[in-house]
Amino acid sequence: MAKIIDGKKISTEIKEECKTVVTQLKEKGKEVCLAVVQVGADPASSVYVRNKTRACEYVGMLSRTYELPEETTQEELLTLVNELNYDDGVDGILVQLPLPKHINEDVITQSILPEKDVDGFHNQNVGALVTGQEGFISCTPAGIIELLKRSNIEIEGKHCVVVGRSNIVGKPMALLLLKENGTVTICHSKTKNLKEITKQADILIAAIGKPKFFDDSYIREGAVVIDVGIHRSGNNKLCGDVDFEKVESKVSAITPVPGGVGPMTIAMLMYNCIKAVQRRVQ
Ligand code: NDP
């Protein structure tokens with residue numbers, strides 16, 4: 001029987017730990033505040049923004065939400081980010097992606113001060129991860145490492161296959177697994193013989209954005225499978241990049257969708273906001 005890795009439970013543990021630290025900081029007179037900026041009214045983004053502000057409430061943090069109209073210019077958005085950068089009342093800044101097409105996401109991401117970049121997307125934080133220095137780590141891969149550790153799944157010496165090489169999931173994921181002494185292989189859309197490689201994985205991270213792509217033929221008996229994908233199928237049900245029903249009986253542990261990686265992303269965002277305060281007051 002596969003162990004179902006309960007991201008909801010583990011994320012709640014992390015949020016409870018965050019709550020304790022937030023309370024301690026409050027007792028020292030320091031509130032923790034996250035600013036969330038959304039441009040336009042993409043329904044999925046609105047749900048994510050709402051979930052983030054709810055999580056702030058849960059852990060006792062302040063949140064400020066800026067809902068800007070779709071026609072906001074890049075300059076206007078940069079002006080707001082700059083104000084937040086130098087606002088002492090704001091510890092972390094998050095600009096919800098995707099942004100409307102007329103705004104260059106990279107320009108915006110790089111305009112957030114690295115010490116307030118709680119998403120971990122700024123080049124300075126990415127560079128810190130590459131060289132093993134202290135910095136903010138992208139929340140989804142950071143959450144996956146927590147999921148593995150808190151489920152007592154050893155990474156050291158294991159063959160970890162990451163499928164997907166995006167800047168926010170695949171690449172930082174591979175670096176984090178390497179930091180934990182995994183032997184890491186990165187696959188992408190140009191990889192030849194994908195199945196042959198994924199079948200060698202002790203730990204498979206599926207992050208390609210294709211619903212139910214990975215069935216049992218991609219997976220080695222007894223592997224650990226982490227499903228990063230989130231998709232809404234025709235009947236409005238959520239599913240991941242992994243065909244859970246076909247794979248479950250073959251693996252030793254697997255994350256469900258929903259209730260696996262998703263909740264961890266927000267929990268790690270809360271963790272990063274607290275880290276931002278702790279780094280500033282040190
Ligand atoms: P991107 O679209 O940015 O990247 C997808 C990656 O998968 C690319 O590197 C691409 O390769 C690779 N890929 C696509 N098709 C294939 C294929 N057939 N075989 C092998 N590799 C392939 O996606 P993200 O990394 O942003 O997100 C991945 C998934 O995770 C999405 O479903 C997204 O919704 C979800 N997600 C979930 C989060 C959560 O909190 N649970 C957070 C963030 C994302 P190439 O580089 O060659 O194009």
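Reader: Hi! Which residues lie nearest the centre of the second largest pocket, and how many line it?
Author: Hello! In this predicted model, 20 residues line the second largest pocket, and those nearest its centre are Ile137, Leu176, Lys179, Tyr271 and Lys275.

Reader: Nice. What volume does that pocket have?
Author: The second largest pocket comes to about 370 Å³.

Reader: How does the lining split by class?
Author: The lining of the second largest pocket has nine nonpolar residues, six charged and five polar.

Reader: Thanks! Switching to the ligand: how many residues surround it, and which are the closest?
Author: The ligand has 22 residues around it, with Arg165, Ser166, Ser189, Lys210 and Thr265 the closest.

Reader: What about the classes in that shell?
Author: The shell around the ligand holds 10 nonpolar, 10 polar and two charged residues.

Reader: Which helix gives the most to the shell?
Author: That would be helix 10 (residues 261-281), with three residues.

Reader: How far is the side chain of Ser166 from the ligand's oxygen?
Author: An N or O atom in the Ser166 side chain sits 2.5 Å from an oxygen atom of the ligand.

Reader: And which ligand atoms do the backbones of Val228 and Ile230 face?
Author: For Val228, a backbone N or O atom is 3.4 Å from a ligand nitrogen. For Ile230, a polar backbone atom is 3.4 Å from a ligand oxygen.

Reader: Last one: how much of the ligand's accessible area does the protein cover?
Author: The protein covers 71% of the 920 Å² that the ligand has on its own.

Technical notes. Residues numbered from 1 in each chain as written. Predicted model: local features only at pLDDT ≥ 70, side-chain atom pairs only at ≥ 80, totals over all residues. Heavy atoms only, no water. Near = heavy atom within 4 Å. Polar contact = N/O pair within 3.5 Å; in protein donor to acceptor, adjacent residues only side chain to side chain. Areas by Shrake-Rupley, 256 points an atom, 1.4 Å probe, with all protein chains shown as cover. Helix = DSSP H or I, 4+ residues; strand = E, 2+ residues; numbered from the N terminus. Nonpolar A, V, L, I, M, F, W, Y, C, P; charged D, E, K, R; others polar. 1 Å grid on protein atoms, 1.4 Å probe; cavity = no way out; pocket = protein on both sides within 12 Å on 5 of 7 lines; lining within 4 Å. Points joined across faces, edges and corners; volume = space filled by probe spheres on them.
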